[in-house]
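Here is a friendly walk through one protein model, helix by loop by pocket. Have a look at the sequence and the structure, then read on.

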Amino acid sequence: MSATMIFVNLPVKDLDAAKAFWTKLGYSLNAQFSDENCASVVISDTIVAMLLTEARYKDFTHKEIADATRTSEVLLCLSAESRAAVDELVDAAVGAGATEPRPAQDHGFMYGRAFDDLDGHTWEIMWMDPAALQG
């Protein structure tokens with residue numbers, strides 16, 4: 001049985017700017033599933049962010065597209081291998097034009113920070129101590 005994958009579909013206002021942002025963070029684009037209306041950002045072997053122009057996104061829903069700079073539509077959380085990796089990714093995101101919506105959250109066994117991407121989508125980056133997970 002193969003691993004379940006997740007494809008997170010997100011509307012973006014400026015596809016070229018969104019592609020530049022995500023590649024600055026070290027992620028690759030899958031050209032096979034990208035065109036002038038969408039970009040396939042490979043986050044891991046099982047996670048792909050599909051960045052869709054708002055016009056293309058509207059092909060998949062009859063609902064109004066949320067303005068993620070004003071309302072919360074979803075909180076996306078990615079795990080990181082270490083506290084330093086959390087800081088590295090969020091610092092890179094902020095350096096590439098993201099904003100940091102809140103201070104870091106440090107609970108000892110769990111550490112996280114967040115960034116809002118160029119379109120306001122909130123991405124949380126979280127590290128959890130493996131020893132705490134073993135219970």
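Helices (H or I, at least four residues) and strands (E, at least two) are DSSP runs, numbered from the N terminus.

Before going further, please note that this is a predicted model, in which local features need pLDDT of at least 70 and side-chain atom pairs count only at pLDDT 80 or more, while totals for chains, interfaces and linings use all residues. Residues are numbered from 1 along each chain as its sequence is written, and side-chain values use heavy atoms, with hydrogens and water left out.

Which residues of helix 1 are buried? They are Leu 15, Ala 18, Phe 21 and Trp 22. These residues sit on the same side of helix 1, because they cover an arc of only 125° around the axis. The arc is that of the directions from the helix axis to the C-beta atoms. An α-helix has 3.6 residues a turn, so residues three or four places apart point the same way. Asp 16 and Lys 24, on the other side of helix 1, are exposed. Here, buried means under 20% relative accessible area, exposed over 50%, and partly exposed in between (1.4 Å probe, protein chains only).

The buried residues of helix 1 pack against several elements, including strand 1 (6-12), strand 4 (47-53) and helix 3. After helix 1 comes Gly 26, with a positive phi near 100°.

## Two loop residues

His 121 is in the loop between strand 7 and strand 8. His 121 counts as buried because its relative accessibility is 2%. Its side chain makes a polar contact of 2.3 Å with the side chain of Glu 73. A polar atom of the His 121 side chain also lies 2.9 Å from the backbone oxygen of Pro 11.

Asn 30 belongs to the loop between strand 2 (28-29) and strand 3 (38-42). With 24% relative accessibility, Asn 30 counts as partly exposed. Beyond residues up to four places away in sequence, Asn 30 touches Ser 40 and Val 42, where contact means heavy atoms within 4.5 Å. Asn 30 and Ser 40 are ten residues apart along the chain, and their C-alpha atoms are separated by 5.3 Å.

On a 1 Å grid over the protein atoms alone, a cavity is a set of points where a 1.4 Å probe fits but cannot get out, and a pocket is an open set with protein on both sides within 12 Å along at least five of seven lines; lining residues have an atom within 4 Å of a point. Grid points are joined across faces, edges and corners, and a volume is the space filled by probe spheres set on the points.

| Space | Volume | Helix giving the most lining residues |
|---|---|---|
| Largest cavity | about 30 Å³ | helix 1 (residues 15-24), three residues |
| Largest pocket | about 200 Å³ | helix 3, three residues |

The lining of the largest cavity includes Ala 18, Phe 21 and Trp 22, which are also among the buried residues of helix 1. Among the residues that line the largest pocket are Tyr 27, Glu 88 and Ile 125.

Notes: Polar contact = N/O pair within 3.5 Å; in protein donor to acceptor, adjacent residues only side chain to side chain.
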